[in-house]
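Thanks for coming, everyone. Could we have the model up on the screen, please? I'll walk you through it piece by piece.

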Amino acid sequence: MMHDTPKFAVIGRVNKGKSSIVSTLAEDDSVVIDRGAGTTKVCREFPVRIDDTTLLVLIDTPGFQQAPRALAWMKEHEISAANRREVVLAFVRTFDNSDEFTDECRLLKPILEGAGILYVVDGAKPFRRNYEAEMEILRWTGQPRMALVNHIGEGDFSKEWMPALDQYFSIVRHFNAQRVSFADRIRLLQAFRELHDGWRANLEQAIDFLQKEWQRRQRQAAHIIAKLLIDQLTFVKELVLARYETADDYKFKLEREFHDALRQGERRARGDLGGRYNHNAIETDEQELQKPVFEQDLF
């Protein structure tokens, strides 16, 4: 079963960067990202949209918790490779309303309904054999699947991961959600396109739309920056003086108001720029910029 609009379930163990990847690809700041174990408790869909057009859908899923036990159950019910998908379906039907394998059932449901698989691992941590159960279960679903090697820490164990991932996934890519560029995102979508012929046309259209949208954003950003520079360089603060007053009487007050006005203009421009790239929940600490640096204001 395949969707007209491609759907991809982002799968993996807890704290391997699944939600960060969803947030980056969907450009959605509402994706909950937390260092606490198992932040994602239910599957949640995040559409990638331009205007009112949904280009594809990413599904943030809970992490595997008991993959070796789940695979052991499936192997007990396996007849041959031909019935493995039916065994996975039977597994979900059996445990769906029980207290066992809750996360496994939740993450398998969208896959069995037709979603492609993006399996995320942390390339900064060594490969361990217990990951094989997760990858084997995903292979049993028969869905198009791709692995992403995310790098959360400083280590690099890619050479250990690649031989194992290549056995289970038709495409393996490196993807750092914290440092990704627009070009990296496009290359990833181009890889998605190769997973299933039925998605190719939709994903080619999505890539074309996103590239045009990015060019539009760049033009808008250039306009915002140019306007900011013009406004800042031509900004004038006027003061009407009485006959008995001099400009020195208001020097410090004028300087403060002048600098505050420029800061406010810059702050508005930064907000506009963030909005153009869908970064609407950025937390900033601007108090440090207002403190004297080497006993001098930044101005």
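Okay, let's start with a pair of helices. Helix α8, residues 197–234, packs against α9 at an angle of about 175°, and their axes are 10 Å apart. So α8 is roughly antiparallel to α9, since any angle over 145 degrees gets that label, while under 35 degrees is roughly parallel, 65 to 115 is roughly perpendicular and the rest is oblique. On the α8 side, the contact is made by Arg-217, Gln-220, Ala-221, Ile-224, Ile-225, Leu-228 and Gln-232. On the α9 side, Leu-262, Gly-265, Glu-266, Ala-269, Asp-272, Leu-273 and Arg-276 make it. Contact here means heavy atoms within 4.5 Å. As for the axes, they're lines fitted to C-alpha atoms, for helices over the stretch in contact, and angles run from 0 to 180 degrees between N-to-C directions.

Some housekeeping before I go on. This is a predicted model, where local features need pLDDT of at least 70 and side-chain atom pairs count only at pLDDT 80 or more, though totals for chains, interfaces and linings use all residues. Residues are numbered from 1 along each chain as its sequence is written, and side-chain values use heavy atoms, with hydrogens and water left out.

The protein chain has 10 helices and 6 strands; these are DSSP runs numbered from the N terminus, with helices being H or I of at least four residues and strands being E of at least two. Of the 299 residues in the protein chain, 41% are buried. Buried means under 20% relative accessible area, exposed means over 50%, and partly exposed is in between, with a 1.4 Å probe and protein chains only. If you take contacts in the chain between residues at least 6 apart in sequence, 70% of them join residues at least 24 apart.

Back to α8. How does the span of α8 compare with what its 38 residues should give? At 1.5 Å a residue they should span 56 Å, and the end C-alpha atoms are 56 Å apart, which agrees. The expected span, by the way, is 1.5 Å times one less than the number of residues. The buried residues of α8 are Trp-199, Leu-203, Ala-206, Ile-207, Leu-210, Glu-213, Arg-217, Ala-221 and Ile-224. And what covers them? The cover includes strands β1 (7–12), β2 (44–50), β3 (53–60) and β4 (116–122), plus helices α7 and α9.

Take α7 from that list. Helix α7 has 12 residues, 182–193, and reaches 17 Å from its first C-alpha to its last, close to the 16 Å expected. Its buried residues are Phe-182, Arg-185, Ile-186, Leu-188, Leu-189, Ala-191, Phe-192 and Arg-193.

Over on α9, have a look at Arg-270, which lies in that helix. Arg-270 is partly exposed, at a relative accessible area of 35%.

The axes of α5, residues 132–141, and α6, residues 158–168, come within 10 Å and cross at roughly 20°. That makes α5 roughly parallel to α6. The residues making the contact are Glu-132, Met-135, Glu-136 and Arg-139 of α5, with Ala-164, Leu-165, Gln-167 and Tyr-168 of α6.

Next, a couple of individual residues. Lys-18 sits in helix α1, residues 18–26. Is Lys-18 buried or exposed? Lys-18 counts as buried, because its relative accessibility is 7%. Beyond its neighbours within four places in sequence, Lys-18 has contacts including Val-10, Arg-13, Asp-60 and Val-120. Gly-63 is 45 residues away along the chain, yet the two C-alpha atoms are separated by 8.7 Å.

Asn-150 is in strand β5, residues 145–150, and at 3% relative accessibility Asn-150 counts as buried too.

Last stop, two loop residues. Phe-101 has phi near 55°, a positive value in a residue other than glycine. You'll find Phe-101 in the loop between α3 (84–95) and α4 (102–112), and it's buried, at 2%. Asn-278 has a positive phi as well, about 60°, and is not a glycine. Asn-278 is in the loop between α9 (251–276) and α10 (287–290), where it counts as partly exposed at 28% relative accessibility.
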